[in-house]
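Hi,

Here is the structure I promised to pass on. Have a look at it first, and then read my notes below.

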Amino acid sequence: MKASFFILASAFFASCSLFYPELTPGSPRENQTYSTAPDTTFLVSAVAFADSYDWQKDSGRASVPCKVLLFRNDSKSLELPAGPDAGIGISPDQHHIIDGELYTEYTDSRGSQIKKNGESVLWWEEQEKLLGLLSRDGVLHSLGQLLTGDALVYRQDGLPVMRIDGAVACGGFGCNGYGPNGALYEASGQVCFSYITQEPGHQEAVLVQDGIPEVLLSLQDADIMDARMTGMVKSVLYERLKTYYMLSDNVTFLMNNGGLMWKDASMIEYDGQRAIAGKLLQKKGNPRLAIGLENEVIYLDSGSEYVYCDGPYCPNLGEVLKAHKDCYFFRRDCAVQLGAGLAVALTPKNEPPFLEYCGKTIKYNINGYLTGVAVKTSK
């Protein structure tokens, strides 16, 4: 029964029309002028080099002159010098489009720097990899992991509020089930994140709300996979004795998926139901991407490790990537869901990069690559 929604999603993907005018079959894209529907804007981040530079072959591209760009549909709205001197990284995972703004991160021997549209907004001496970023009531909250890997640091406007030694954050940028703010999110009017502490034979899931930690679950001989707060509900996903459970407000649900073993799974909501998203280990062959409900498994096409879900719709990124095997797709944030479809930022090996949605494209005439996409709709 659940398989029918994939047919519906595929039909939507094939028939939806966002670009005006329609692209006619066989017509070269360069000769047509089109734009997105007036209530929808795609924000696309990119890195551009001089036309003579071969960024695909030169491993030293982080040290050559380049620019970070932000497009709104097909119009360039932001152009920033990038690289070490500018304090703006050019790796796709250093770019974050949040609330219509482009945040960039850069870490070197001087410390860590966060910029918003090219302007420095946070700086500290410790070297951290950013896991979450959220602005609330004029305060910029961040969650980072020390590059040494031995601690998490939660900050408000760059000042440390919590240092958590020996912990692993739940979620982050580009993780299934987590949004554009990464591991940080708002729930019940509070800034939240979760982490897992690990000792030999023992684990704890801890939820932090506005800087106040609360232990949600403490277990022996178990593997905690995810923990978070959704609305007023506090939930933990864990495995014990090869059985998977979801604890929600002290009520335990058995995720009975026929004895199948999950790998790197996280919690998601699928059509109003509690669910697991991740890879299932197979008796033969490679792990397979899937969504697990309490008593059912929905398999997704292989070719991607990412799951996108919004209500009843769960579009399949693997199908898009198979159709564009010659393109780079750098990370989960290079696609964004809009209804039953995905807008996907792709970088061909021998042509300019482009954004595809519903079979239509916006091409960007740059020598470089696309690093992310977000969507902004006016209601």
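Predicted model: local features only at pLDDT ≥ 70, side-chain atom pairs only at ≥ 80, totals over all residues.

Let me start with a strand pair: β8 (residues 111-116) and β9 run antiparallel and are joined by five bridges. Within that pairing, Ser-112 has Trp-124 of β9 as its bridge partner. Strands here are DSSP runs of E with at least two residues, helices are runs of H or I with at least four, and both are numbered from the N terminus. Two strands count as paired if DSSP finds at least two bridges between them.

Numbering starts from 1 along each chain as its sequence is written, and side-chain values use heavy atoms, with hydrogens and water left out.

Back to β8 and β9: they belong to an open four-stranded sheet with antiparallel pairing, in the order β6-β7-β8-β9. The edges are β6 (95-98) and β9 (119-124); each has a single partner strand, so one side of each lacks a neighbour in the sheet. On average, neighbouring strands in this sheet are turned by 20° against each other, direction ignored (the axes are lines fitted to C-alpha atoms, for helices over the stretch in contact, and angles between N-to-C directions run from 0 to 180 degrees).

Two hairpins are worth a look. Strand β17 (residues 202-209) is joined antiparallel to β18 (residues 212-220) by eight bridges, and Gln-203 is partnered there with Leu-219. Two residues lie between these strands, and Asp-210 in the turn has a positive phi of about 50°.

Of its 379 residues, 52% count as buried (under 20% relative accessible area; over 50% is exposed and in between is partly exposed, with a 1.4 Å probe and protein chains only).

Now the aromatics. There are 12 aromatic pairs, where rings of Phe, Tyr and Trp (its six-membered ring) pair if their centres lie within 6.5 Å; planes under 30 degrees apart are stacked, over 60 edge-to-face, and the rest tilted. One of them is Phe-42 with Tyr-357, a tilted pair at 5.8 Å centre to centre and 55° between the planes. Phe-42 is in β3 (residues 40-49) and Tyr-357 in β30 (residues 354-357), 315 residues apart, and both residues are buried.

Phe-49 and Tyr-369 make another tilted pair, with 6.2 Å between centres and 45° between planes. Phe-49 lies in β3 and Tyr-369 in β32 (residues 367-377), so this pair ties together parts 320 residues apart in sequence. Phe-49 counts as buried at 7% relative accessibility, and Tyr-369 does at 3%. Both are members of a cluster linked by ring pairs, together with Tyr-53, Trp-55, Tyr-328 and Phe-330.

Finally, two arginines. The charged end of Arg-274 sits over the ring of Phe-253, 3.5 Å from its centre, and that of Arg-332 sits over the ring of Tyr-308, 4.3 Å from its centre. The rule here is NZ of Lys or CZ of Arg within 6 Å of the ring centre and within 35 degrees of the ring normal.

Cheers
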